[in-house]
Amino acid sequence: MIEPGLPTLPPLLVAVPLLAAAGLAAAGRWLPRRAVDAVSIAVAAGVLAGASLLVAGTGVARVATWIGGYRPAGGASVGVVFVVDRAGAGLTVLVAALTVAALVYTWRYFEEVEAWFHVLLLAFLAGMTGFALTGDLFNAFVFFELMSAAAYALTGFKIEEPGPLQGALNFAVVNTVGAFCVLFGIGLLYGRTGELGFAQLHTALAADGRADLLIVAATALICTGFLTKAAAVPFHFWLADAHAVAPAPVCVLFSGVMVELGLYGVARLYFSTLSAVLPPARIGPVLLALGAMTALLGAVMCVCQHHIKRLLAFSTVAHMGMLLMGVGLLGLPALAGVALYVLAHAAVKGALFLLAGVLLNRLGSVQEADLHGRGRRLPLTGAAFGLGGLALAGLPPFGTALGKGLVEHELTTGGPHVLLVLFVAVSALTGAAVLRAGLRVFLGAGPALPRDRDREVDEEEDPETRGALRRAPLTMIGPALALLLLALAAGTVPAVARAAAVAAAQLVDARGYTAAALSAAPGATTGTALPATGWTAESVALGGLSAALAAALAVVTVYRAGALRPVVRWLRRVPAAAGAGRRCHAVATAPLQRLRALHSGHLGDYVTWLLAGLAALALAFGATG
């Protein structure tokens with residue numbers, strides 16, 4: 001039974017942040033800084049509370065809200081609809097929780113920031129919330145663009161510096177091209193069906209029953225736009241550039257939930273609309289292959305980085321690949337694992353970015369070469385950073401391990417076994433990269449890197465506080481620790497895993513979604529049996545294996561240079577050995593150098609890869625038909 005007040009909540013969760021943003025834009029210059037902080041945090045906390053009520057109210061039902069009471073008549077409608085199930089409500093909780101964490105963190109992080117930062121963050125919150133809750137494809141595009149516009153401005157917030165300006169430009173142009181792809185795809189679907197709502201589109205496509213080239217083209221176009229936001233290969237090039245220059249609390253939202261929303265858009269589009277005409281055998285293999293390429297490339301690029309924010313950005317690419325593989329399995333247990341993994345990964349990655357911000361403002365850098373051993377006076381930050389690295393690798397009992405284990409179990413039963421190996425390897429590599437940085441920065445382990453080694457950012461970032469902080473205040477370290485606890489709760493509180501299973505079951509239930517949107521019974525329930533989401537010996541073993549591999553790889557990487565240095569010196573004295581060594585090194589590193597060269601920072605290259613990816617995606621969807 002739906003509580004009477006719940007249908008009024010979804011539009012309020014979008015409208016209130018927008019109204020607060022407008023108010024702060026008008027009056028923020030005259031308000032004290034702490035008043036701006038307090039209002040912003042209160043609004044985000046209000047959205048969190050409202051979203052939590054929606055999560056509680058969608059346990060066995062959905063909440064449908066037609067703005068202005070314009071409900072469908074005879075299956076046709078002209079109104080704007082929000083259709084909220086556990087998946088959308090849960091994502092809104094995650095969006096709001098990370099926004100609260102980011103705003104609390106900025107209480108002392110930005111000493112001289114104006115209210116515009118808070119205005120943009122609240123607009124970003126509204127766009128992400130609307131995208132998660134809307135029941136209309138065109139309105140999803142509108143919220144997609146609101147979210148993107150705020151994200152572009154937040155990336156280039158330090159506009160007086162060339163790095164943020166370049167990162168924001170790359171972000172804006174690449175994602176705008178992706179947005180045009182979404183719009184063109186929507187136009188094709190509208191031309192075929194005359195409908196824009198997810199439920200109406202599903203009904204019209206099911207009645208038509210055709211999956212011809214027009215449907216394939218529309219699917220490829222819309223998925224290209226959403227996968228660009230999700231940073232899937234080859235649409236991912238903008239991500240590291242944006243993360244390297246955006247403020248740390250903004251990176252929390254980018255890696256923690258914005259890219260996940262792109263993945264959610266693909267899943268919502270398929271299960272609520274396109275599943276009527278496109279069978280899993282036509283979509284699943286493409287998403288699996290794309291996810292595998294994304295995970296592998298992201299992991300390789302992650303271990304090559306020595307700029308901590310870029311390292312974390314490429315780990316996001318790798319983990320988005322893993323999540324995309326989970327979605328590509330199109331099975332209920334795998335989707336439950338994906339839902340749980342999204343929550344835990346967002347919390348862990350958000351904590352790591354906040355800790356990177358502490359390093360920047362305590363020590364003035366996020367380059368491993370500059371920070372070697374300087375983090376010894378930050379024991380709490382170092383301990384949290386190391387714990388975050390292990391959680392990222394999938395250490396039980398963190399939720400990352402449980403979510404990963406659910407997907408891995410599906411790979412052992414219904415997917416290619418090589419992907420199981422890839423899951424473990426990617427988790428280990430990304431965790432090892434974080435642990436390697438932690439060993440060098442906080443323990444001074446191994447030889448120091450040359451100060452000009454692999455500088456991915458030409459100009460080092462300036463601290464975003466007024467001078468270096470003598471100690472990390474509670475408002476900066478507290479949110480990071482709270483997010484790590486959230487990741488731990490995702491793996492240890494059974495109710496969280498059950499909620500993820502309900503979210504997955506409602507996501508795949510197109511019939512129940514359509515009934516909730518179009519009938520007079522907004523509480524239409526799902527009859528899908530829930531998958532098991534508890535710990536198994538297999539998930540514990542695979543999680544422990546990936547975490548152990550990550551720790552071992554980190555230690556080997558840190559101490560390798562020192563151990564091999566005498567051997568290298570001796571080989572250099574022998575001309576033949578030196579020549580052979582140089583040739584072997586060139587052959588071994590050539591593919592990696594080419595891979596790094598692809599991430600050139602040139603906007604034209606990035607757009608070219610996006611268009612090539614669009615063409616490849618269309619061909620792949622067509623070839624599997």
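What volume does the largest cavity have? In this predicted model, the largest cavity comes to about 60 Å³.

## Two cavities

The count of cavities of 30 Å³ or more is 2. Around the largest cavity sit Phe131, Thr134, Leu137, Ala140, Phe198, Phe226, Tyr264, Gly265, Arg268 and Leu269. Helix 5 (137–155) and helix 10 (248–272) are the elements that each give two or more residues to this lining, and helix 10 gives the most, with 4 residues. By class, the lining of the largest cavity splits into 7 nonpolar, 2 polar and 1 charged.

The second largest cavity has a volume of about 40 Å³. Its lining is made up of Thr219, Cys223, Val266, Leu269, Tyr270, Leu274, Ile283 and Leu287. Here helix 8, helix 10 and helix 11 (280–303) are the elements that give two or more residues. Helix 10 has the largest share again, this time with 3 residues. Leu269 turns up in the lining of both cavities.

A cis peptide bond links Val233 to Pro234, with omega at about 5 degrees. Ala231 lies in that loop too, and its phi is near 60 degrees, a positive value in a residue other than glycine. Most residues other than glycine have a negative phi, and most peptide bonds are trans. Is Ala231 buried or exposed? Ala231 counts as buried because its relative accessible area is 0%, under the 20% cut-off.

You'll find Leu330 in the loop between helix 12 (308–328) and helix 13 (332–363). With a relative accessible area of 18%, Leu330 is buried, since the limit is under 20%.

Further along, Pro396 and Pro397 are joined by a cis peptide bond, again with omega at about 5 degrees. Pro397 is in the loop between helix 15 (379–393) and helix 16 (399–414).

## A pair of strands

Strand 1 (residues 63–66) and strand 2 run antiparallel, joined by 4 bridges. Val63, for instance, has Val84 as its bridge partner in strand 2.

In a regular strand the side chains alternate between the two faces of the sheet. Strand 2 (residues 81–84) has Val81 and Val83 pointing one way and Phe82 and Val84 the other, and all of them are buried.

Conventions: Residues are numbered from 1 along each chain as its sequence is written. This is a predicted model: local features need pLDDT of at least 70, side-chain atom pairs count only at pLDDT 80 or more; totals for chains, interfaces and linings use all residues. Side-chain values use heavy atoms; hydrogens and water are left out. Buried means under 20% relative accessible area, exposed over 50%, partly exposed in between (1.4 Å probe, protein chains only). Two strands pair if DSSP finds at least two bridges between them. On a 1 Å grid over the protein atoms alone, a cavity is a set of points where a 1.4 Å probe fits but cannot get out, and a pocket is an open set with protein on both sides within 12 Å along at least five of seven lines; lining residues have an atom within 4 Å of a point. Grid points are joined across faces, edges and corners, and a volume is the space filled by probe spheres set on the points. Ala, Val, Leu, Ile, Met, Phe, Trp, Tyr, Cys and Pro count as nonpolar, Asp, Glu, Lys and Arg as charged, and the others, Gly among them, as polar.
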